Amino acid sequence: MEQDIDKLLKLQEIDLEIDRLEKLIKKIPEEIENLKQKKEELLFKFEKINNDIKHAEARKKEKELDIQTYQDRILKIEDALNRVKTNEEYKSLLREKAQLEESIMEIEDEILNIMEEIEHLKEEKKKLEKDIEQEKQRIENEIKKKEKLLEETKNKLKQLKEEREKIKKEISPQSLSKYELIKKKRGSKVIAIINDDTCSGCYMVIPPKVYSNLVKGEQLLTCPHCGRFLYYRSV
Ligand SMILES: [Zn+2]
């Protein structure tokens, strides 16, 4: 059994690496998803500015039509003023005309504000257009890199699993089944490598008798507290 320790150490090394790769394989797709979302948001931001411009232009058009309507009404009033019969009617038409003229001035102010808004939005769009292209490119490159890393990691994992199968055959069935049992209970840190009388797996002190046997290196021993294999390596 004792000659198994080197193989078991190798097996543990492989298992720890398998753990690391499996975590990575789980993490990378999430990172890719986040990047894709970032790209979406970027495009959405651009679309939003485009929409804001369109809406502002539609609002401007509406206001211009309002002015047109009021001006038509004023023309009709001016025409009617020539034909009025009573003083009362005359005054009423003039009042209406003055109100319409006032409204037109207000709307013209509003149109000026909208035009300013459009100009500002277009400037923002122009700036964004430049940034967006660079940022999109950067994100796409990053996604490609991650996808490549994922592929490589999967291949590496496959290789390691094959290597694991190979090394398993070189370990005695007894040691192997014990290893697998500890692994199931404690995770991939099956062998506690120590250089004093403290178990590096559970951090408890190893009984002196076990420890002295361990230092002699006569047997494959386990920690009485956590059940992990113990391996003494002097520093
Ligand atoms: Zn222990």
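This is a predicted model: local features need pLDDT of at least 70, side-chain atom pairs count only at pLDDT 80 or more; totals for chains, interfaces and linings use all residues.

Q: Why is Ser-188 called buried?
A: Buried means a relative accessible area under 20%, and Ser-188 has a relative accessibility of 7%, so Ser-188 counts as buried. As for its place in the chain, Ser-188 sits in the loop between α3 (173-186) and β1 (191-194).

Q: What makes the pair Ser-188 and Asp-19 a polar contact?
A: The side chains of Ser-188 and Asp-19 are joined at 2.6 Å, and a polar contact requires a pair of N or O atoms within 3.5 Å, one able to donate a hydrogen and the other to accept it. The pair is therefore listed as a polar contact. Leaving aside residues up to four places away in sequence, Ser-188 touches Gln-12, Asp-15, Leu-16, Asp-19, Tyr-179 and Lys-183.

Q: How do you know which atoms coordinate the zinc ion?
A: Donors are N, O and S atoms within 2.8 Å of the metal, and the SG atoms of Cys-199, Cys-202, Cys-223 and Cys-226 lie at 2.2 to 2.4 Å, so these atoms count as donors. Along the sequence, the donor residues follow the spacing C-x2-C-x20-C-x2-C.

Q: Which parts of the chain does the pair Cys-199 and Cys-226 tie together?
A: Cys-199 lies in the loop between β1 and α4 (208-216), while Cys-226 lies in the loop between β2 (221-222) and β3 (229-232), so the pair ties together parts that are 27 residues apart in sequence. Both Cys-199 and Cys-226 are buried.

Q: Why is the arrangement around the zinc ion called tetrahedral?
A: Four donors count as tetrahedral if all angles lie between 85 and 135 degrees, and the 4 donor atoms here subtend angles of 103 to 113°, so the arrangement is tetrahedral. For comparison, the ideal angle for four tetrahedral donors is 109.5 degrees.

Q: What lines the largest pocket?
A: The lining consists of 10 residues, and Leu-214, Gly-217, Gln-219, Tyr-231 and Tyr-232 are those nearest the centre of the pocket. The largest share, 3 residues, comes from β3, and the space inside the pocket is about 150 Å³.

Q: Why is Glu-151 called partly exposed?
A: Buried requires under 20% and exposed over 50%, with partly exposed in between; Glu-151, at 44%, is therefore partly exposed. Glu-151 belongs to helix α2 (residues 87-169), and its C-alpha atom is separated by 76 Å from that of Ala-98, 53 residues apart along the chain.

Methods
Residues are numbered from 1 along each chain as its sequence is written. Side-chain values use heavy atoms; hydrogens and water are left out. Helices (H or I, at least four residues) and strands (E, at least two) are DSSP runs, numbered from the N terminus. Buried means under 20% relative accessible area, exposed over 50%, partly exposed in between (1.4 Å probe, protein chains only). Contact means heavy atoms within 4.5 Å. Donors are N, O and S atoms within 2.8 Å of the metal (3.2 Å for Na, K and Ca); water is not among the atoms, so sites may look incomplete. Four donors count as tetrahedral if all angles lie between 85 and 135 degrees; four count as square planar and six as octahedral if opposite donors are over 155 degrees apart and all others between 65 and 115; anything else is irregular. On a 1 Å grid over the protein atoms alone, a cavity is a set of points where a 1.4 Å probe fits but cannot get out, and a pocket is an open set with protein on both sides within 12 Å along at least five of seven lines; lining residues have an atom within 4 Å of a point. Grid points are joined across faces, edges and corners, and a volume is the space filled by probe spheres set on the points.
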